[in-house]
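Dear colleague,

I am passing this structure on to you, and I would be glad if you could look it over before reading my notes. What I found follows below it.

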Amino acid sequence: MGRRAIHGICREWLAVPAEVPPPQSPPPSATLPLATKLYVLVQFAATLALALPIFILRDVHTPGAPQERFPVNLLHVNADQTPIVYRQLGRKLFEDRYSVGIWHWELDELPDEYLASFEFLDELWAPSLFILRCLSDKSPIPVVHMPHAVSASASPTASRSAFGLPADAFLFLVMYDMLSIQERKNPLGAIEAFARAFPTPGDARLVIKLSHGSSRPTDLAQLHERVAKIPGVIILDRILERQAVYDLQASCDALVSLHRSEGWGLNLSESMLLGKPVIATAYSGNMDFMNRQNSCLVDYRLAPLQTDF
């Protein structure tokens, strides 16, 4: 079966829902006083021995300049990490400043154990309406809908050979970070769907691009065990530079995300910008920019968590 024929059945190998509800309008909220400079807290993709995040303080306008006191803090860390940031950087950083948090909470309810994190902030930014509704239910401070500005472009030299991928196959791409919880990203669901759709894969391949596999050896072993008897699955376990991520997305034919929940869905929005068909769960933050006219949406049912992650 050729790539053109597989494109034709792309919508058929997973269910497409009959209707996607329109997003609700965000509630009114106070606006952030504009500032010429911001302190931005950037989370490294590294962890300490105790699995605590490492953070740096960056002046977004004048890199390398001496630290000054600016009127706004912008903390791009989640609710569970906000107290850690406060302890690491000290109260002085927060005194006499307007502190804004950007929280990517991927569930539809914020646990009460994180309510104390509101005390460190004056305002929250919610990248998606899904997050906005979740935070607004419990937030004592203003919550502002602040969508991501997404960009993605492939380099002129982008090629499958750079990633060791077959030149003539139809490539379905799954991308995730194992530190983002494998059960939430649900690559095993995509593997199961691929095996059902292509028991004899022919020209179809499922490319699983993951990162930080060594940090989650149990999850990594589970993944390898699942794909051991499924032909046509390719695993890429490495960290790529941002441009290489775009080139990989552009080199594949479609992106698959059978996630259980997403705060936004960066890989989904990037692949759509690159003109790729995206197969994704019709739930959570990605529904801000996905509908049944522009995507291959997969129906779902909600179930309570039986385990804490």
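Which element gives the largest share of the lining of the largest cavity? Please keep in mind that this is a predicted model, and that what follows was computed from it.

The answer is strand β7, which contributes 3 residues to that lining. By the rule used here there is 1 cavity of 30 Å³ or more, and the space in the largest cavity comes to about 70 Å³. Its lining is made up of Val 174, Met 175, Tyr 176, Lys 185, Asn 186, Pro 187, Ala 190, Val 256, Ser 257, Leu 258, His 259 and Glu 262. The elements that give two or more residues to this lining are β7, α5 and β10.

Since β7 leads that list, I turn to this strand next. Strand β7 covers residues 170–177, and because 8 of its 8 residues are buried, with under 20% relative accessible area as the cut-off, the strand is largely enclosed by the rest of the structure. The burial holds for both faces, with Phe 170, Phe 172, Val 174 and Tyr 176 on one side, and Leu 171, Leu 173, Met 175 and Asp 177 on the other.

The neighbours of β7 in the sheet can be followed through its bridges. Strand β8 (residues 204–211) runs parallel to β7 and is joined to it by 8 bridges; within this pairing, Phe 170 stands opposite Ala 204, while Leu 171 has Arg 205 as its bridge partner. Strand β10 (residues 254–257) also runs parallel to β7, and 2 bridges join them, with Leu 173 of β7 partnered by Leu 255.

These strands belong to an open sheet of 6 strands with parallel pairing, in the order β9-β8-β7-β10-β11-β12. At its edges are β9 (233–237) and β12 (296–298), each of which pairs on one side only. From one strand to the next, the twist averages 20 degrees.

Several helices are placed against this sheet or its strands. Helix α6 (residues 217–227) lies across β7, β8 and β9 and runs at about 160 degrees to β9, and helix α7 (residues 242–251) lies across β7, β8 and β9 as well, running at about 145 degrees to β7. In helix α5 (residues 187–197), the buried residues are Pro 187, Leu 188, Gly 189, Ala 190, Ile 191, Ala 193 and Phe 194, and what covers them includes β7, α4 (182–185), β8, α6, β9 and β10.

The buried ones are Leu 129, Phe 130, Ile 131, Leu 132, Cys 134 and Leu 135, and the buried residues of α3 pack against β5 (123–126) and β6 (143–145).

Finally, a word on the cysteines. How many disulfides does a search of the whole structure find? The search finds 0 disulfides. Cys 134 has a relative accessible area of 3% and is buried, and Cys 252, at 1% relative accessibility, counts as buried too.

With kind regards

Conventions. Residues are numbered from 1 along each chain as its sequence is written. This is a predicted model: local features need pLDDT of at least 70, side-chain atom pairs count only at pLDDT 80 or more; totals for chains, interfaces and linings use all residues. Side-chain values use heavy atoms; hydrogens and water are left out. Buried means under 20% relative accessible area, exposed over 50%, partly exposed in between (1.4 Å probe, protein chains only). Helices (H or I, at least four residues) and strands (E, at least two) are DSSP runs, numbered from the N terminus. Two strands pair if DSSP finds at least two bridges between them. Axes are lines fitted to C-alpha atoms, for helices over the stretch in contact, and angles run from 0 to 180 degrees between N-to-C directions. Contact means heavy atoms within 4.5 Å. A disulfide is a pair of cysteine sulfur atoms within 2.5 Å. On a 1 Å grid over the protein atoms alone, a cavity is a set of points where a 1.4 Å probe fits but cannot get out, and a pocket is an open set with protein on both sides within 12 Å along at least five of seven lines; lining residues have an atom within 4 Å of a point. Grid points are joined across faces, edges and corners, and a volume is the space filled by probe spheres set on the points.
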